[in-house]
Amino acid sequence: MPLITLNAVDFSIGGPLLLEQVNFSIEPGERIALIGRNGAGKSTLLKLIAGEIKPDDGEIRLQSGVRIARLEQEVPQAAQGKVFDVVAQGLGALGQLLAEHHHLTHAEVLDEVALAKVQAAIEAQGGWSLENRVNDTLQRLELDGEADFARLSGGLKRRVLLARALVSSPDLLLLDEPTNHLDIEAIDWLEGFLQQWPGALLFITHDRRFLKQLATRIVEIDRGELTSWPGDWDNYLRRREERLHAERQENARFDKLLAEEEIWIRQGIKARRTRDEGRVRRLKEMRRERAARREVQGKVQMELASAGASGKKVIQVKHLGFAHGDKTLVRDFSTTLLRGDRIGLIGPNGSGKSTLLKLLLGELAPDSGEVQLGTQLQVAYFDQYRATLREDWNAMENVAEGSDTVEVGGRRKHVLGYLQDFLFTPERARAPITRLSGGERNRLLLAKLFAQPSNLLVMDEPTNDLDVETLELLEELLLEYPGTLILVSHDRDFLDNVVTSTLVMEGDGQIGEYVGGYSDWLRQRPQAAPPAEKPVAARAPEKPAEKPASAKKKLSYKDACELEALPARIEALEAQIAEHSTRMNEPAYFQRDAAAVQADNAALEAAQAELDAAYARWEALDAQAG
């Protein structure tokens, strides 16, 4: 039985419906990734499910006794006090009593009267078991209840807020960009934790690897409609492109027919003599349908304003050392960055990545060693905290700084036209940036950055709040950038796809240098090798003996027949999956019973698994035959 069901839900904040006739349900134990363009309504859907806002129309049915908790995208300003206090807030009014009791019992001077009063109130509501739950949650998430929340790092604050959401033991957990501002170690921990989480999960993320590891189902919001896909990212991309292709073909066919009907209605006296009133009514209906069509949101058009080439040697570092107080952040580090290098910088929060950037750019003087900057450098810097945006300016003023035009790629463009390439309407371009969402602010910072001529691009966490399509376009742009790139990111796929080498903050001031991206670093890091070799040392001789035997083995008659039949089987499975997906994408499909929809999803997942197995079997037999 579904935990929650949405039937024909509409919601609008002005203009076209943000959510239109949405039918959606969540089953116990599901882990659903919610994706869509910035502004598509993802966070709005989470708020509707959490009961924080009400739909304009339709019905939201919650199974009796179901508890829902939500982790917000941004750290709330109101969250303050000890970590215990913030976590206990997840229990409502009783949590406030527990926090007060915690303070009184940990105070230097015991106020026995106040303590007795609070204890009586907690006992009257049967709250002592909940205090144990707060302590258990703190222990499970490795948090210090006595720490000051305001002094924690961004990653630890997110972990505390997750504890606040979990302490109520929700049946459904809603997470809005849970990986924002987390370092890679924290993201790995969160992945493992959520994979063991027994309840249902609905989450929004731009981190593709995080999505692939967790999601059992992908739900996309596109122009107010929800579409459900099995939790296979590559399959989703393939099927979505097929759907959009079919939609483009249908729209082209419709537009051609409408144009022919418009020509017919304008034929004057001849048309009036033969006018078919039914045909006129159909034309009016076609006009209404065309006017109501919601086109696919355009893609960001990114282009970098490049400067002349820098010198061959961009930055040379010799025996660099730097300490902050008694903590050594950089110890005896030497390297050379050459023109065209794309360097990824990896390390836990607080390990000194931003400090190293400032040292490399000459903004901070080292304690020892030297940094030599190359010739003809023009630096553009992307700040993860968006400090380069002026809050008292609108988007146009932030990009053009008083001018009406910007120069990109050797061409002058009006600033409004340039911002439209980054999906800013004239109204949004003139609005104060305090009204912009996190994704819009990130796009604005990219627009400002790319309007600056540069041959050294420094980007500190550029992927936060970007939708997946914009993220992929940014990857393509950086791959084509002719200058030198230094990239700080916790997005593992982004690092793998963009950088050619990595600098890793390894602790105690040591900085390791590795070829390739994040996955290459995992393979090369020295501490990963010894533990993996010891357990398999005794069996190592057996494996080489098996491989030559299997390589020499010829196909049996049965295997040869199977190999011959597999291509037809694969083709039939692909046709079956395509037909199934087409039926599921029809507007009326999700008006069916939720159990039938779930059964169809299970059947589609099974067919996809069978197809993957068939491909794997075909490759194995083909290799053996070869």
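Let's start with the sheet: three strands form an open sheet in the order 2-1-4, and their pairing is antiparallel. Here a strand is a DSSP run of E with at least two residues, a helix is a run of H or I with at least four, and both are numbered from the N terminus; two strands pair if DSSP finds at least two bridges between them. Strand 2 (19-26) and strand 4 (57-62) sit at the edges with a single partner strand each, so one side of each has no neighbour in the sheet. From one strand to the next, the twist averages 15°, with angles running from 0 to 180 degrees between N-to-C directions and axes being lines fitted to C-alpha atoms, for helices over the stretch in contact.

This is a predicted model, where local features need pLDDT of at least 70, side-chain atom pairs count only at pLDDT 80 or more, and totals for chains, interfaces and linings use all residues. Residues are numbered from 1 along each chain as its sequence is written, and side-chain values use heavy atoms, leaving out hydrogens and water.

Now look at strand 1 (residues 4-11), which runs antiparallel to strand 4 and is joined to it by five bridges. In this pair, aspartate 10 stands opposite aspartate 57 of strand 4. Helix 1 (residues 42-50) packs on the sheet and touches strand 1, strand 2 and strand 4 (contact means heavy atoms within 4.5 Å).

Next, find helix 3 (residues 93-106) and helix 4 (residues 112-124), which pack at about 150° with their axes 10 Å apart. That makes helix 3 roughly antiparallel to helix 4 (angles under 35 degrees count as roughly parallel, over 145 as roughly antiparallel, 65 to 115 as roughly perpendicular and the rest as oblique). Residues making the contact include Leu97 and Leu104 of helix 3 and Val118 and Ile122 of helix 4.
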